[in-house]
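Me: Could you take me through the salt bridges here, slowly and with the terms explained as they come up?

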Amino acid sequence: MNHPAPVEVTYKNMRFLIMHNPTNATLSKSIEDWPFDDGASLSNQIVDDWLSLVKIKFREEPGCCIGVHCVAGLGRAPVLVALALIEGGMKYEDAVQFIRQKWHGAFNSKQLLYLEKYCPKMWLCFKDSSGHSNTCCIQ
């Protein structure tokens, strides 16, 4: 099977590398593995674990790049990256378009519906002195 080359998605100070499944040579560099069925909604636990990882990695290693993979790199990996972009302040439509410009064929209809209905948890946003979430960034 001919897989597309990995692509980098950068937004604010977040960097992601979307790719197809890792090889035996690169698997050891994986730090987490959260399998879920293609096209299925993500469990709250996977979303929470993913957003926690994103927040911690970008706080601990500013400028790092988080690689995200699935079998073909067309659905599950882009969904996770889209969630991070949405949590970083991007509208879901913009996140989908932004990723699709770089990774053609990303998302199926079930995944688009999931992203459309996703309610941001504001994990990657912070509150100003008045307690309002005005700005979003990785802290």
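Reply: A salt bridge is a side-chain nitrogen of Lys or Arg within 4 Å of a carboxyl oxygen of Asp or Glu. In general, side chains of opposite charge can pair when their charged atoms come close. This is a predicted model, in which local features need pLDDT of at least 70 and side-chain atom pairs count only at pLDDT 80 or more, while totals for chains, interfaces and linings use all residues. Residues are numbered from 1 along each chain as its sequence is written, and side-chain values use heavy atoms, with hydrogens and water left out.

By that definition, the structure holds three salt bridges. One of them joins the side chains of R15 and E8, at 2.9 Å from N to O. To describe how open such residues are, we call a residue buried under 20% relative accessible area, exposed over 50%, and partly exposed in between (1.4 Å probe, protein chains only). R15, at 29% relative accessibility, counts as partly exposed, and E8 is partly exposed too, with 34%.

Another salt bridge brings D48 and K121 together, with their closest N and O atoms 3.2 Å apart. This pair links distant parts of the chain, 73 residues apart, since D48 lies in helix α2 (residues 44–60) and K121 in the loop between α5 (109–117) and β4 (125–126). Here helices (H or I, at least four residues) and strands (E, at least two) are DSSP runs, numbered from the N terminus. D48 has a relative accessible area of 25% and K121 one of 32%, so D48 is partly exposed and K121 is partly exposed.

There is also a salt bridge between the side chains of K57 and E61, at 2.5 Å from N to O, and E61 is partly exposed at 37% relative accessible area.
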